[in-house]
Amino acid sequence: MLGTEFEKKVDAIVARYPEPKAALLPVLWEVQRARLTVLFGVSGLGKRSLLRAGLYPRLRTQQMVPVHIRLDYSDSAGSLSEQVRQAVMEAARALALPAPAGDAGGTLWEWFHRRPDQGMSPRQGWVLIFDQFEEAFTLGGPTAREWVRHELADLIESRMPRSVKHRFEANPGAAAAFSLDSDYKVVLSLREDFLPELEEVRDRIPSLARNRLRLRKLNGVQALTIVEQPRSRRTPPLVAESVAADLVRLGHIQQFTRTGPDQLLGLILRHGLDRVHEQWHGIAPGIRDPPAEHGYERWRMTLQRPGNLTHLFQGQ
């Protein structure tokens, strides 16, 4: 079962199938159950689609507030903690919720553990979703790694930072404004080839080993379902089953032959052109149309060359 495996697996169909309610439920349960969820998979499988189109709406139905966070590591951007606070306040404004009013100069632990009567929204079901978290290791540099090891780690583990603990020891009355419990969740979404970098901070974030969801590639049946299935059962299929199967096969060819995007598009367009040609001969068997045949051959040769395809779409 998904909830008992060390490394849970989620099919990419969850992210792309228009009505993945049954498949998405385990993902929702895992996010609700644990403080931290790590979502990972190879690039291009649809992690962001899973989050935005699948998970976010369902979290809102559970009275939780998804907060999409993609940190900016440029020199002109604010501190990483301030970016998190800004993302939470923007999510609060979008849903007409009271915005947190904690001390912007404090730690994230203080901000999220402040008692409701001390500035935090009464609705504390925040889900902090860090998209493309691998950028902390590729773009962030040493400063971002230290922030992950300390500031973010303390927040994820709901662990009082050492600086805050020393402050409360010096002034016990200040601790009354905070609670040791807080109902927030954290989701880290990243490419699976950066899991080793994430493991380097497991000594600070033990929760990394407890709740992982792996987004897997679609199999042929799932891919065919996505291409063929209409968004609504009241509307006709987007394409015929035979065309959907051909498109899936073309994608399979791209995966195993490293066909480039232009080449794949050329394959798809040539496939459509062949189908039109076949249908014409089916409608009017035995009738020859030299200009049409010449145009068909010319276009087919054009679509065989990716460079020609590029010029075609650039109007050259």
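This is a predicted model: local features need pLDDT of at least 70, side-chain atom pairs count only at pLDDT 80 or more; totals for chains, interfaces and linings use all residues.
**Stop 1: helix α7**

Select residues 141–156, which make up helix α7. Where does the helix kink? Look at Val148: the kink is centred there and comes to about 35°.

Now colour the buried residues of α7. They are Ala144, Trp147, Val148, Glu151, Leu152, Ala153, Asp154, Leu155 and Ile156.

An α-helix has 3.6 residues a turn, so residues three or four places apart point the same way.

What do the buried residues of α7 pack against? Show these elements one by one:

- strands β2 (36–41), β4 (126–130) and β5 (185–191)
- helices α4 (80–94), α5 (108–113) and α6 (135–138)

**Stop 2: where α4 meets α7**

Show α4 and α7 together. Their axes lie 10 Å apart, and the helices pack at an angle of about 65°. The two helices are therefore roughly perpendicular to each other. The contact of α4 with α7 has four nonpolar residues, one polar and one charged.

Which residues meet here? On the α4 side, select Leu80, Ser81 and Val84. On the α7 side, select Ala144, Trp147 and Glu151.

**Stop 3: aromatic pairs**

A pair of aromatic rings is described by the distance of the centres and the angle of the planes. The model has seven aromatic pairs. Visit two of them.

Select Trp111 and Phe112. Their rings are edge-to-face, with 5.4 Å centre to centre and 85° between the planes. Are these residues buried or exposed? Trp111 counts as buried, at 3% relative accessibility. Phe112 counts as buried too, at 0%.

Next, select Phe168 and Phe178. This pair is tilted: 5.4 Å centre to centre, 40° between the planes. The pair links distant parts of the chain, ten residues apart. Phe168 sits in helix α8 (residues 162–170), while Phe178 sits in the loop between α8 and β5. Phe168 is buried, with a relative accessible area of 9%. Phe178 also counts as buried, at 9% relative accessibility.

Notes: Residues are numbered from 1 along each chain as its sequence is written. Side-chain values use heavy atoms; hydrogens and water are left out. The bend at a residue is the angle between axes fitted to the seven residues ending there and the seven starting there. Helices (H or I, at least four residues) and strands (E, at least two) are DSSP runs, numbered from the N terminus. Buried means under 20% relative accessible area, exposed over 50%, partly exposed in between (1.4 Å probe, protein chains only). Contact means heavy atoms within 4.5 Å. Axes are lines fitted to C-alpha atoms, for helices over the stretch in contact, and angles run from 0 to 180 degrees between N-to-C directions. Angles under 35 degrees count as roughly parallel, over 145 as roughly antiparallel, 65 to 115 as roughly perpendicular and the rest as oblique. Ala, Val, Leu, Ile, Met, Phe, Trp, Tyr, Cys and Pro count as nonpolar, Asp, Glu, Lys and Arg as charged, and the others, Gly among them, as polar. Rings of Phe, Tyr and Trp (its six-membered ring) pair if their centres lie within 6.5 Å; planes under 30 degrees apart count as stacked, over 60 as edge-to-face and the rest as tilted.
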